[in-house]
Amino acid sequence: MKKLSPDTALILVDVQHDFLPGGALAVPQGDEILPIIDSLQPNFDTIVATQDWHPAHHGSFAANHAGTQPGEQIILEGLSQILWPKHCVEGTKGADFPDGLDRSRWKSVFKKGTNPLVDSYSGFFDNARRGDTGLRNYLLLGGIRRVFIAGLALDYCVKFTALDARTLGFETYLITDATRAVNLQPEDGKLAIEELKAAGIVCLESKNLARYV
């Protein structure tokens, strides 16, 4: 197929070791998206990635709150916070991208979750919307008006990245077979898709990408 127009970007969300099988916060079947993502990349001139990059003392880690377990909720700096296993700690292999993923076409990587006092699901802002990764300005300066999103995990970082992209005025698409859900609750992935559709985000399979050239 022909490449998508130059005003289009592919955003790869948190495709990191710790979210893959064997990782600290493994997303079930997360590795299945890697060949799909690599097959998508030649269709885009602009590809960017987000990267969870947490300090070891991050407030979202259950290990940093005595007597708590992953999956419990606390209030962190005034916001409801799900506690997670320690993952994607800055400078560790778990925070790195898998060797088998082609990074040669990537234009930039935007780190998130660096503030220990607030979690950061979206690739654009932290959960308090006080910290900005710079992704929005990067896309605007590059003349990007529409974005296709893939990565991990559907029900958290992918969902919130897509919702923010839509709110910020980008024409937003989710590539449904290039993402997987954590599914703390069995229906979380399904509900995320429904929420994205309700927000005006187009959900498509990678085999149908040619329709959007």
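**The sheet and the helix on it**

Reply: In this predicted model, six strands form an open sheet, which runs in the order E5-E2-E1-E6-E7-E8 with parallel pairing. The helices and strands named here are DSSP runs numbered from the N terminus, a helix being H or I over at least four residues and a strand being E over at least two, while two strands pair if DSSP finds at least two bridges between them. At the edges of the sheet are E5 and strand E8 (202-204), each of which pairs on one side only. From one strand to the next, the twist averages 25 degrees.

Before we go further, please note that residues are numbered from 1 along each chain as its sequence is written, and that side-chain values use heavy atoms, with hydrogens and water left out. As the model is predicted, local features need pLDDT of at least 70 and side-chain atom pairs count only at pLDDT 80 or more, whereas totals for chains, interfaces and linings use all residues.

Within the sheet, strand E1 (residues 8-13) pairs with strand E6 (residues 146-152) in the parallel sense, over six bridges, and in this arrangement Ile 11 stands opposite Ile 149 in E6. On the sheet packs helix H3 (residues 154-167), which touches E1, E5, E6 and strand E7 (171-180), where contact means heavy atoms within 4.5 Å. The direction of H3 makes about 170 degrees with that of E6; axes here are lines fitted to C-alpha atoms, for helices over the stretch in contact, and angles run from 0 to 180 degrees between N-to-C directions.

Is this helix buried or exposed? Eleven of the 14 residues of H3 are buried, so H3 is largely enclosed by the rest of the structure. (Buried means under 20% relative accessible area, exposed over 50%, and partly exposed in between, with a 1.4 Å probe and protein chains only.) The buried residues of H3 begin with Leu 154, Asp 155, Tyr 156, Cys 157, Val 158 and Lys 159, and they continue with Thr 161, Ala 162, Leu 163, Asp 164 and Ala 165. Among the elements that cover these buried residues are E1, E4, E5, E6 and E7, and helix H4 (188-198) is also included. After H3 comes Gly 169, whose phi is positive, near 100 degrees.

For a point of reference elsewhere in the chain, consider Thr 92, which lies in the loop between strand E4 (79-82) and strand E5 (108-112). Thr 92 is partly exposed, its relative accessible area being 34%, whereas Leu 154 in H3 is among the buried residues.

Stepping back to the whole protein, we find four helices and eight strands, and reading along the sequence gives the pattern β-α-β-β-β-β-α-β-α-β-α-β. Of its 213 residues, 51% count as buried. Taken along the principal axes, the box that the C-alpha atoms fill is roughly 55 × 35 × 30 Å. Finally, among the contacts between residues at least 6 apart in sequence, 75% join residues at least 24 apart.
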